[in-house]
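Visitor: I would like to learn how to read a model like this one. Please take me through it feature by feature.

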Amino acid sequence: MAGTAVRRRLTWRLATVAAVTAEARTARRLSLRIDGWEGHLPGQHVDVRLTAPDGYQAQRSYSIASAPGSTTVDLVVQRIDDGEVSSYLTEELRAGDELELRGPIGGYFVWHADLDAPLQLVAGGSGVAPFLAMLDHHAATGSGVPVRLLYSARSLDDVLGRERLEQHAGRGVGVTIALTRTQPPGWAGLGGRVTPETLRDHVWPPDAEPRIFVCGPTTFVEAVADGLVAAGHHATAIRIERFG
Ligand SMILES: Cc1cc2nc3c(=O)[nH]c(=O)nc-3n(C[C@H](O)[C@H](O)[C@H](O)COP(=O)(O)OP(=O)(O)OC[C@H]3O[C@@H](n4cnc5c(N)ncnc54)[C@H](O)[C@@H]3O)c2cc1C
């Protein structure tokens, strides 16, 4: 039985695009229907494979942004300028189209709702995608674990899942957004890059023994992880996912 499940996860299969919705200025949420989807854990990802008419194939990984048990499996894709796959997914893909994917993949960068430790999420750019799944799962399971999200984005227009994050803030999740490039007039959040001071002020302190997830571009993730260790957090409490 377990062998069947493992084989199935690694097999390419077809997903049908149920909807494509704007998630931010340059990001789209792809809601997928996948026959026989066996479920996933918040933090897991899938591999997506595109095939051109001449047979050329390109493959990329995308975090699952919807909670386990959702009616669709959602990906949130940020368009990268000149990006081969993200440009197609955000600009060309339409409801009714089919995609090849395999997954769910990953057992390390996963939040288990029965974990008692405070949850700390630190995201750079599209690195917030797996955290959208974790936060929705946290809400759906009625978890009493305290959660904080520290999220670095270029501008307010680049913040993914803004409305949903506001809803999570309304139910007690600590949401801190740092806008690195432009801040709108009257912006009450943070400006500039995440610094050691930001980590000190907006991350659960080491003595709270949080489980920390850090996700985003490689340079962001490495700088944050180094900063957290320098601030006294145990390296083993920190789980990182690099988007490359
Ligand atoms: C486990 C995992 C999960 C991921 N989840 C997501 C997700 O949920 N949402 C999402 O939007 N992306 C996610 N990514 C990144 C994604 O896999 C692609 O790398 C990204 O969409 C760019 O692919 P592309 O083909 O458009 O760009 P490419 O054609 O591969 O690259 C174009 C240019 O952009 C640069 N580049 C590539 N990736 C990035 C990046 N992430 N940030 C900045 N510059 C980049 C390249 O160096 C190159 O110069 C994830 C990556 C991993 C490994």
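**Reading the model, feature by feature**

Guide: Pro104 sits in strand E6. Keep in mind that this is a predicted model.

Visitor: Which peptide bond is cis, and what is its omega?

Guide: Look at the bond from Gly103 to Pro104. Its omega is near 5 degrees, and the bond is cis.

Visitor: Let me step back to the whole chain. How many helices and strands does the protein chain have?

Guide: There are 6 helices and 12 strands. The radius of gyration is 18 Å, close to the 18 Å that the globule rule gives for 244 residues, so the chain is as compact as a globular protein of that length. Along the principal axes, the C-alpha trace spans about 50 × 45 × 30 Å.

Visitor: What share of the 244 residues is buried?

Guide: Buried residues account for 47%. The accessible surface of the chain is about 11,900 Å². Carbon and sulfur atoms hold 50% of that surface.

Visitor: What do the contacts say about separation in sequence?

Guide: Take contacts between residues at least 6 apart in sequence. Of these, 71% join residues at least 24 apart.

Visitor: And charge: how many positive and negative side chains are there?

Guide: The chain has 24 positive and 28 negative side chains. The centres of the two sets lie 1 Å apart.

Visitor: Let me try a single residue. Is Leu99 buried or exposed?

Guide: The cut-off for buried is under 20% relative accessible area. Leu99 has 2% relative accessibility, so Leu99 counts as buried. This residue belongs to strand E6, residues 98-105.

Visitor: Which residues does Leu99 touch, leaving out those up to four places away in sequence?

Guide: Its contacts are Arg13, Leu14, Ala15, Leu32, Val48, Leu50, Leu89 and Leu93. Consider Ala15. Leu99 and Ala15 are 84 residues apart in sequence, yet their C-alpha atoms are 5.2 Å apart in space.

Visitor: How do I read aromatic rings?

Guide: Two quantities describe a pair of aromatic rings: the distance of the centres and the angle of the planes. In this structure the count is 2 aromatic pairs. For Phe109 and Phe213, the ring centres are 5.2 Å apart and the planes meet at 85 degrees, so this pair is edge-to-face.

Visitor: Where do Phe109 and Phe213 lie?

Guide: Phe109 is in the loop between E6 and strand E7 (119-124), while Phe213 is in strand E11 (residues 211-216). The pair therefore ties together parts that are 104 residues apart in sequence. Both Phe109 and Phe213 are buried.

Visitor: Which residues do the ring pairs link into a cluster?

Guide: The cluster holds Phe109, Phe131 and Phe213.

Visitor: Now the backbone. What is the phi of Asp82?

Guide: Asp82 has a positive phi of about 65 degrees, although it is not a glycine. Asp82 lies in the loop between strand E5 (73-78) and helix H2 (84-92).

Visitor: Is Asp82 buried or exposed?

Guide: Exposed means over 50% relative accessible area. Asp82 has 79%, so it is exposed.

Visitor: What is the phi of Glu209, and where is this residue?

Guide: Glu209 is not a glycine either, and its phi is positive, about 50 degrees. Glu209 is placed in the loop between helix H5 (196-202) and E11. With 61% relative accessibility, Glu209 counts as exposed.

Terms used. Residues are numbered from 1 along each chain as its sequence is written. This is a predicted model: local features need pLDDT of at least 70, side-chain atom pairs count only at pLDDT 80 or more; totals for chains, interfaces and linings use all residues. Side-chain values use heavy atoms; hydrogens and water are left out. Helices (H or I, at least four residues) and strands (E, at least two) are DSSP runs, numbered from the N terminus. The radius of gyration is taken over C-alpha atoms; the globule rule is 2.2 Å times the number of residues to the power 0.38. Buried means under 20% relative accessible area, exposed over 50%, partly exposed in between (1.4 Å probe, protein chains only). Contact means heavy atoms within 4.5 Å. Accessible areas come from the Shrake-Rupley method with a 1.4 Å probe; for residues, only the protein chains shown count as cover. Lys and Arg count as positive and Asp and Glu as negative; His and the chain ends are not counted. The place of a charge is taken as NZ of Lys, CZ of Arg, CG of Asp or CD of Glu. Rings of Phe, Tyr and Trp (its six-membered ring) pair if their centres lie within 6.5 Å; planes under 30 degrees apart count as stacked, over 60 as edge-to-face and the rest as tilted.
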